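Q: Could you walk me through how to read a few features of a model like this one?

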Amino acid sequence: MENSNKRLPAEMWDKMQYLFRNYYDRTMHAVYRFRGRIDEEALKKAYMAVLSKIDVLHSTFAKNPIRPYWEVNRNYTTEDFFTYAETDDVTGSLDRFITREVSPFGKVQFRAALIRGADEDVWAVICNHMCFDGSDLRYFNMKVAESYTKYLATGDADVEIKTGTRSADQVYSKMSEEDRKHALSLYKNVSTVENKITFPFGEDDETLRPRLILRKYPAADFLKTKARGKAMGATVNDIIVAAYFRALFDTVDTGGKTLTVPCMYDLRRYVGGASEGLTNMIGFMPCSLNYVGKDMDETVELVKAALKPAKEDKFTGLYSLPLLKLAYKIFPQVLAEFAIKLGYTNPYIGMSNIGLINPAEFRLGDFEPYDAFYSGAIKFKPYMQLALTTFSNEITFSIGVRVTDKEQLVFENFLKKVTDELYSFAHAE
């Protein structure tokens, strides 16, 4: 097969994620663990069937200085993206695989691995964030699982895939004319924060290495946390944000200043919960506190009050989008990046609740995963972000950072602080 010479326009968030190469590796991660044996050849068949319908995933990014685009490739094979390994060290093999970076200049914009240990199979995926966000990575993986299961049952791997627009403009498509006009006028730059407070990384006295640092919060404790939060009118997200703030105020020197943590906000809620095509649809919902109170209960109330205006704002997450759209419309790419970097402040400390992972949606034939998690990109100093997913009522917290061995211990201790705060809330008298 030869390349088709087909081109896809680089959409606004594709270009923004490319700009973010200055702050992180733009690579998302997904891991599923199975107690059964997954059929390697069937998984390859499923990937080829699904991949054929998602052009952006088998394209190469062309960083044209005027208007960048994707060059669609047709001459790809499973060797370009699929790895199979049998090992006595599943943890080590998995770590080496998921801490790799997916280059936008490659033939295929993701990698998948089937790692076989003595008593489990692990399915892992890394993907270029320029193509889409965590929500549509979950959709992509779900479709691969659907295709795999169908192929085993029928010999046919074909499944239906959404192939609509990837444009950021779709976020306005279901609004009333009045709301749409207002949303398109929201030029406020929400990335601007008054205080540049950073996490205490330490000195680069050792080799920096990309790492995904993980910590579990057990299902029994999560259910108690959720029930207690419900009784006081707090969402699970409110409580996690509160625990994060308490851990941050215990770790970071704020100098008595307000700390702002931007929380990622899925804009699909404006279009009924799903994008038309696989794409990025994420905005910011900042939360700011200047103190955390005496205990988790008080911090939860402070977070609820801090987030109340955003939760009541019918346009939350849409601020700054018209500003970005204007920059890319009136300037060629090279000048647009320069102009945006002048006004854009990448969050030094962020948070992303990637959401629920339903084991039934990722069933491979007869086997459902017994554990799974997603994580965002691996950040470069001085940036860091807490990410989390929930699987069977168990939370996996993750921080992706490029740090030294000593700094890894700092982040491991930090995640313990977060889960300790949640535990104290769940078991408070």
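Q: How many positive and negative side chains does the protein have, and how far apart do the centres of the two sets lie?
A: Lys and Arg count as positive, Asp and Glu as negative, with His and the chain ends not counted; each charge is placed at NZ of Lys, CZ of Arg, CG of Asp or CD of Glu. Here there are 56 positive and 58 negative side chains, with centres 4 Å apart. This is a predicted model, where local features need pLDDT of at least 70, side-chain atom pairs count only at pLDDT 80 or more, and totals for chains, interfaces and linings use all residues. Residues are numbered from 1 along each chain as its sequence is written, and side-chain values use heavy atoms, leaving out hydrogens and water.

Q: What span should helix α4 have?
A: Helices are DSSP runs of H or I, at least four residues, and strands are runs of E, at least two, numbered from the N terminus. The expected span is 1.5 Å times one less than the number of residues. For the 21 residues of α4 (134-154) that gives 30 Å, and the end C-alpha atoms are 30 Å apart, which agrees. Just after α4, G155 has a positive phi of about 85°.

Q: Is helix α1 enclosed or open?
A: Buried means under 20% relative accessible area, exposed over 50%, partly exposed in between (1.4 Å probe, protein chains only). Eight of the eight residues of α1 (12-19) are buried, so the helix is largely enclosed by the rest of the structure. Among them are W13, D14 and K15. Their cover, counted by contact (heavy atoms within 4.5 Å), includes β1 (7-9), β10 (282-289) and α9 (321-330). Across the protein, 56% of the 429 residues are buried.
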